[in-house]
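Hi everyone, thanks for coming. Let me put the structure up on the screen, and then we'll walk through a few spots together.

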Amino acid sequence: MLAFNQLSYWERALYLQDNTFIIVGAGIVGLSTAISLRQRFPKEKILIIERGYLPTGASTKNAGFACFGSPTELHDDLQKMPAQAVWETVALRLEGLELLKARVKPEQMAWRPCGSWDLIAKQQATLDPGFIDGLNRTFKQNFGLENVFSIDQEALSQFGFAGYQTSYYNRLEGSIETHLLIDALYKQCVASDIHFLFATSLEAFESSEHEVLLHTSNGEIKTAQLLICTNGFSQAYFPNELKPARAQVCITKPLKHRIRGTFHSDSGYYYFRDIGERILFGGGRNLDFEAETTTEFELNHFIQDTLLEKLQNEIIPGQKVEIEAQWSGIMCVGDQKKPLIRSLNKNVHAGVRMGGMGIAIGSAVGEALSKMV
Ligand SMILES: Cc1cc2nc3c(=O)[nH]c(=O)nc-3n(C[C@H](O)[C@H](O)[C@H](O)COP(=O)(O)OP(=O)(O)OC[C@H]3O[C@@H](n4cnc5c(N)ncnc54)[C@H](O)[C@@H]3O)c2cc1C
């Protein structure tokens with residue numbers, strides 16, 4: 001690979017010189033930040049550096065749920081976090097989802113307003129019906145959204161599940177197709193005169209009064225403002241506030257099923273959806289938190305085997321399920337579920353810790369970051 005100091009006059013002029021903004025990371029947040037910056041600064045030079053030959057974190061690996069909170073997950077959050085922090089995070093997700101829908105046309109990302117079901121296993125405790133009523137009141141009062149959640153007993157037989165006793169329906173969640181979303185955001189960046197250097201990893205940076213010097217795997221490069229959007233790979237900057245969280249996913253070979261929509265269970269630890277004749281199924285991090293606290297893209301066979309077992313016994317019972325592909329991706333979590341949006345100094349800003357809802361929240365985080373420069 002050529003180092004920066006081996007580049008031509010033309011290449012230096014295009015990529016290396018006079019960058020006002022350099023964004024690190026070409027995931028949903030990096031691309032969204034670039035688009036928001038372009039809207040605020042039509043003439044400034046914007047460069048995204050990405051260490052992978054394609055975005056290599058969570059944004060091209062995820063399940064494609066456009067979600068903002070299932071009842072059991074919100075119930076869990078309210079036990080662990082102050083209520084204000086829970087509702088502020090939901091507000092950011094809703095705001096992000098609206099911004100995303102304003103930027104990317106439904107057909108460009110295969111937006112499907114299918115709703116979502118939060119499934120309660122037979123051995124699990126159901127939520128107090130008063131909790132669902134309370135959620136509906138809060139959503140109406142805080143966000144002006146009426147009757148978002150309901151109890152849906154029919155879903156279990158409608159979709160042919162076994163092993164569940166009831167479900168809670170969220171009428172406002174939906175799905176997108178992951179590859180289409182990242183492609184649409186990338187194309188919007190290119191059309192907005194935003195440049196990319198792939199296979200370029202930020203190794204360190206030094207800030208002075210008016211600029212930041214980046215040391216990358218290919219050499220040095222300067223910018224006026226640096227924006228760090230490296231999510232699960234940001235522990236060096238915030239050692240006590242976030243950690244990587246690997247997530248396992250598998251997809252079946254085509255099969256006959258009646259599943260249409262997006263489904264969560266076990267407080268969001270498991271999730272599945274249909275993709276045509278296939279079912280995508282992910283989760284199970286709670287089976288092995290320790291092993292899954294890593295930035296290594298590897299399969300956890302214990303979790304993958306559990307996913308297959310659940311597919312066969314609970315989701316598509318009575319059929320032999322064959323797996324077409326398995327993969328893992330790296331998310332970012334912390335003690336708090338709120339994203340971490342913070343300036344490290346007056347020229348360096350970070351938007352990280354997206355948790356499991358970066359599709360909805362990513363655009364809002366990018367917008368917030370663009371206002372910090
Ligand atoms: C399996 C899985 C399923 C998920 N399902 C859903 C879902 O259904 N709905 C939902 O909303 N969310 C889901 N998520 C979470 C969602 O994908 C993330 O919250 C979101 O993609 C985070 O986007 P990001 O841009 O912050 O991070 P990333 O997509 O991880 O992007 C960060 C980028 O930074 C790059 N990078 C890292 N370090 C450096 C460096 N030093 N120099 C240069 N580049 C660097 C990485 O290569 C990466 O491309 C899922 C995640 C996973 C893993």
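Let's begin at the ligand, where one of its nitrogen atoms sits 3.0 Å from a polar backbone atom of G356. I'm using polar contact for a pair of N or O atoms within 3.5 Å; inside the protein, one must be able to donate a hydrogen and the other to accept it, and residues adjacent in sequence count only if both atoms are side-chain atoms. An oxygen atom of the ligand is 3.2 Å from a polar backbone atom of G355, and an oxygen atom of the ligand is 2.8 Å from a polar backbone atom of T56. Of the 36 residues around the ligand, the ones that come nearest are E50, T56, S59, F65 and L202, where being near takes a heavy atom within 4 Å.

A quick word on what you're looking at. This is a predicted model, in which local features need pLDDT of at least 70 and side-chain atom pairs count only at pLDDT 80 or more, while totals for chains, interfaces and linings use all residues. Residues are numbered from 1 along each chain as its sequence is written, and side-chain values use heavy atoms, with hydrogens and water left out.

Next stop, T216. This residue belongs to strand β10, residues 212–216; helices (H or I, at least four residues) and strands (E, at least two) are DSSP runs, numbered from the N terminus. Is T216 buried or exposed? T216 is buried, because its relative accessible area is 6%, and the cut-offs are under 20% for buried, over 50% for exposed and partly exposed in between, with a 1.4 Å probe and protein chains only. A polar atom of the T216 side chain lies 3.0 Å from the backbone nitrogen of N218, and one lies 2.8 Å from the backbone oxygen of G219. Leaving aside residues up to four places away in sequence, T216 touches F4, I49, T200, S201, L202, E203 and I221, contact being heavy atoms within 4.5 Å.

Now for some helix packing. The axes of α4 (residues 83–103) and α6 (residues 129–143) come within 12 Å and cross at roughly 65 degrees. Those axes are lines fitted to C-alpha atoms, for helices over the stretch in contact, with angles from 0 to 180 degrees between N-to-C directions. On the α4 side the contact is made by W87, V90, A91 and L94, and on the α6 side by L135, T138, F139, N142 and F143. By class, that gives seven nonpolar, two polar and no charged residues; Ala, Val, Leu, Ile, Met, Phe, Trp, Tyr, Cys and Pro count as nonpolar, Asp, Glu, Lys and Arg as charged, and the others, Gly among them, as polar.

Helix α3, residues 71–80, has P71, T72, E73, L74 and D77 as its buried residues. Both α4 and α6 are included in what covers them, along with β4, β5 and β6.

Finally, some loops. Which residue other than glycine has a positive phi near 55 degrees? That's A110, in the loop between α5 and β4. A110 counts as partly exposed because its relative accessibility is 27%. D193 is not a glycine either, and has a positive phi of about 65 degrees; its place is the loop between α8 and β8.

R260 lies in the loop between β13 and β14, and counts as partly exposed at 44% relative accessibility. Not counting residues up to four places away, R260 touches R112, W117, F159, D274 and G276.
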